[in-house]
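Here's a walk through a two-chain model for anyone meeting it for the first time. Have a look at the picture, then read on.

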Amino acid sequence: MQHTAHSTQHTVSGRFPLESLAAEAQAILAKYEQRRAATLPLLRLIQERFGSITIEAEQWVAQQVGVAPSHVHEVVTFYSLFHQQPVGKHHIQICNNIACALRGASNHIAAISERLGIKPGETTPDGKYTLSTVECLCACEAAPMMQVNDRYVGPITPSTIETLLRSPESLTELPLMYQGTVGGVEPVISTRFATADAEKIDTYLRDEGYQAARKAVTEMTSDQVIAEVTKSNLRGLGGAGFPTGKKWSFIPKQSAKLKYLVVNADEGEPGTIKDRYIITKDPHRLIEGIIIAAYATGCHKAYVYVRGEYAQSTRILQQAIDEARTYGFIGKRIFNIEYELEVVVHRGAGAYICGEETALLSSLEGGKGFPRLKPPFPAIEGLFGSPTVINNVETLACVPPILRKGGEWFSKLGFGKAGGTRLFSLSGHVKKPGLYEASQGVTLRQLIEAAGGVGDGRAIKAVIPGGISAKILRADEIDVRMDFDSLLAAGTMAGSAGIIVMDDTTCMLKALWYASKFFGHESCGQCSPCREGTGWIFKIVDRIMKGEGRPQDLDNLLGISQGMEGRTICVFADAAAWPVQSYIMKFRDEFEFHIREKRCNLSDHRPQTPDIRMAAIH
Amino acid sequence: MADATSKQITLTVDGKPITVPDGTTILQACEKAGSPVPFYCYHPGLSIAGNCRICLVEVANTPKLQIACYTRAAEGMVVNTTSDKTLSGRKDVLEFLLINHPLDCPVCDQAGECWLQDYYMQHGLYDPKFNETKNKKPKAVPLGPTVMLDAERCILCSRCVRFTDEITKTGEFGIFNRGDHSEIGLHPGTTLDNNYSGNVVDICPVGALTDRDFRFKCRVWYLGSTNSVCPGCSRGCNIQIHNNRERDLRPHIADGARVMRLKPRYNADVNQWWMCDTGRYGYKSIDENRLIAVQIKTDGTLRNSAWGEALDLVGGTLQRLQQGKQLDQVGVVLSSQLTNEDLYVAKRFFTTLGVTQVVFQRPKAGASDALLLQADRSPNAKGAQTLGITEGAQPLLEKAAKKQLRLLIVFTQDLTEIVGDAQLRGAANALEQLIFIGTNTNKTAELAHVVLPSTVYAEKDGTFTNFQGRVQRLNAALSPLGEARAEWEILSALATTLNLNLTFTDAPSIFTDLAKAEPAFQGLSYQIIGEQGAILHA
């Protein structure tokens, strides 16, 4: 995103003293097996120190990591968190994705914009504020929310806006909204979410922490660990649902190269908040899961790729890793046996696509987040060309209890071929948005009811069951169970279990506008059908929103989405196509109304022109 | 990809069984089966990107279309390149590639050799659905001395990025931003100025990267193409000479110049797909500063003459020296720019005549690099050596300066490059006659008493032997300019004047003689040499 640089306050005039970073740069470079992997951290360091990344800084980074400057420039322009121009002292980044929009984000954007006298993308003349609208920050339970510099703030209220304008320093990190379990299941992942000081190692040790890891490492063979996890029917909870035990078994036992465990903490699927809760509230559980997974697969190095926006989570995780190291759970000889394990936290820089596992590897290696051609699969040639196992945060958080209580116990908590429980993120038009834990077999209706249902006098209109990529369900389809196979049979997917509920005040065209804006913004641009198709879809939907729809638009949208689906390196194009297909097929009359009448079926007035930087108000 | 000794597999392409080595891609197998699939991002000389998606093909029992460039052929695989599913996949991809393309073919220099145009005609022909505002990107951006960028025409295939990363390892290109704002470019403030820059124009399948030298000079459908060999260095990169074949009808094109551009031609053992800019833009000497008239110096000034008069003059001198048994006072400086045929005829002619002081001279050496360019800036030093001709004009020039030579015949080379202006002037003044036989004006020609115009490589049939000992064919792309004649032709005419009983009629028959007479060339013929050359005997 480009920022207008009205500000000079934070501009370091003249040459940036890049040499002053030499010692820190060396420390960063030392963490990685390949220099290039230090690209993102070095750029972050420069931006934190000097406010923006200049061409000169790119050249310096290029020299440090040993690539051509053009490739550093690629990285700087690819990720939304890197700035080539300085931003104001307080960078207000308001979420303008669907969950926040459903709860009135556009009004707040308009209000803040008016009060500051700047449009999104601009900086106040005094250099104090820069206003940006951003895609989902994965704090949908606190919608509408924003990020001010590193801090997550929400839900935004008139009083939040007053504080933002008067004393932005006093804004506080938004509270976690853990709402308990649903359907009477015993909590497995969220057991400690309500515990005081849960992120500290002493409370974790008190709560039987690290016993599973100790048992695995000192008493079990790696095969025994894998067998137990296989028995548990644990499925990948990042969204793909691949059986975890099977994934671990693909990692070659013998490898001339160092093997890697990569933890996917690049939570980004709109509607999903769960990994942030695990990292923030129970980081040692994740670390324990990492130790067990690394031991099971023979990895001696783990990288945790954390979403760049998750500043607080990163801090907490790093503290926890440092604690675990002091206790000898990480380091040269973990649990006093001959097994070395290093854990490095690596931050992303603002790109949804990096949640795709091979894009994540490309990003971790210091490039743009481009998904990779397969084969080879990461299990054979992943990070730095070595065998790599990639697991989601929540998946790994399930591992310690599995080893403590047994695979069979875990399996029985679930439903069908999906063992255990999982965390469900509920947002949108529900009374009690937040994070819930339930069995894989819970129904969507149970979850929505647990979240208090929609507002009084309102009815459910549609539900996104598994993050914005999932096909939408109508109100009459919510008795479906939430496990992977049941949702697949219902024509959609469990995905990341990010549930976004829409009541009957929701304009489906507007919902699609937000979805297609998101996919247009986040396509990495590598494959032509996705790069061009996502932008094309948004242009058409945007035009219909402006009251300029044409009769052939809906068929064209369906045709374009079909032309993208299954034709690209990764499934992002499919994910971008599914909302188009399902919203139009399930609510076609509403779309036709917009085109025919040139106005929304839910309001009398003509739609206002939506600006890509401004939320649609209509 | 696959080496020939590996396991063989058999698959079916469009109903036809085809056997290929294990490791072959579907794309390669389809090519072999005579069912070629379209591609943009794939280039056999670069790593596989798999991003353009136009090479999608249907593989039986695989739900999704597969990209042929990356997917390996497998035993028993059934590939369909013409099914409805395959064709509609292609059509969709093409439409995606064209939605933000400016469709400015009438003013685009790539028109006529554009893969978007070609594939649209072959695989597109859809009713366009796009009716939105196209994305705006930079146009007509000079990237450096030789390449112009139009980012709107770019299909982001990343060939140029991979070329500068993998082949030149200079890394100038990048693709910046993301999604449909992705844009090809250089690191801000830098230029594309490596000696292989021109290749990115060749590999750009669309009009995004065009050649600043060629741009708007000539529509490509007016171009004739002749296979030849670059004379720019001893590598002998295989090239095509592209000339204005309608020059008679369209003399306004490039002010009447004949050669419009050179393009590299694939040769696995010599230059693969590439050529350097030194060679690429060296073609201008074909049309510029040419010697086109026979000239004889009278009263210190070169005046136009005719072949008959000049041959009589030179022949007369030689005859006089022969009769006076003064042929030891004749020196001949051949050139490593001459073809094997020219050199062979020269060798035969001067041997028959009895002239023994025959050497060849290379031009001044230049820089070399690890990729193609050789320090020896002439194409045929190896050929001259193989024919047993001694190298180096210096001793002869020293002799001339000491008045130990009466006649010096210099071919092509500007000897002032070797010995400097003053020394050559001194030598020339000490000679009775300095005869220059060459293609272009230079200081040596200016000092000569007789100047005989000869043909450049583009006007010649013949062969060069590159530094690896590979004999490669030149084909005449152009008729000789003005009165220019091939060196062998000039010597043949001189032989007639001297009643030497040496007649040569054309390059092929000379080569036939040469191959019989010279052991290293034995068994070679134009047919065997073919388009890819043949190695000399050790």
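## Domains of chain A

In this predicted model, the centres of domain 1 of chain A and domain 3 of chain A, taken over C-alpha atoms, are 26 Å apart. Those two domains touch through 13 residues from domain 1 of chain A and twelve residues from domain 3 of chain A, where a contact means that two C-beta atoms, placed from the backbone, lie within 7 Å. On the domain 1 side, α2 (39-50) and α4 of chain A are the elements giving two or more residues. Sorted by class, that side of domain 1 of chain A has six nonpolar, two polar and five charged residues. Here Ala, Val, Leu, Ile, Met, Phe, Trp, Tyr, Cys and Pro count as nonpolar, Asp, Glu, Lys and Arg as charged, and the others, Gly among them, as polar.

| Domain of chain A | Residues |
|---|---|
| domain 1 | 18-78 |
| domain 2 | 90-170 |
| domain 3 | 201-413 |
| domain 4 | 421-501 |
| domain 5 | 508-597 |

A quick note on conventions: residues are numbered from 1 along each chain as its sequence is written, and chains are lettered from A and ligands numbered from 1 in the order in which they are written. As this is a predicted model, local features need pLDDT of at least 70 and side-chain atom pairs count only at pLDDT 80 or more, while totals for chains, interfaces and linings use all residues.

## Chain A as a whole

Chain A has 24 helices and 15 strands, which are DSSP runs (H or I, at least four residues, for helices; E, at least two, for strands) numbered from the N terminus. Its C-alpha atoms fill a box of roughly 70 × 65 × 45 Å along the principal axes. Why does a radius of gyration of 24 Å agree with a compact globule? Because a compact globule of 618 residues would have one near 25 Å; the radius is taken over C-alpha atoms, and the rule is 2.2 Å times the number of residues to the power 0.38.

Of the 618 residues in chain A, 61% are buried, meaning that 20 or more other C-beta atoms, placed from the backbone, lie within 10 Å of their own. Among contacts in chain A between residues at least 6 apart in sequence, 71% join residues at least 24 apart.

How confident is the predictor?

## Cores

A nonpolar core is a set of buried Ala, Val, Leu, Ile, Met, Phe, Trp, Tyr and Cys residues joined through C-beta atoms within 7 Å. The largest has 263 residues, of which A:M145 and A:L447 touch the most other members. Beyond four places in sequence, A:M145 has contacts including A:C95, A:Y152 and A:L174.

## Where the chains meet

Chain A puts 36 residues into the contact and chain B 35 residues. In chain A, α4 (69-78), α20 (508-522), α21 (528-545) and α22 (553-564) each supply at least two residues. α21(A) gives the most, eleven residues. The chain A side has twelve nonpolar, 18 polar and six charged residues.

Key: Buried ≥ 20, exposed ≤ 12 C-beta atoms within 10 Å, placed from the backbone. Domains from an automatic or database assignment.
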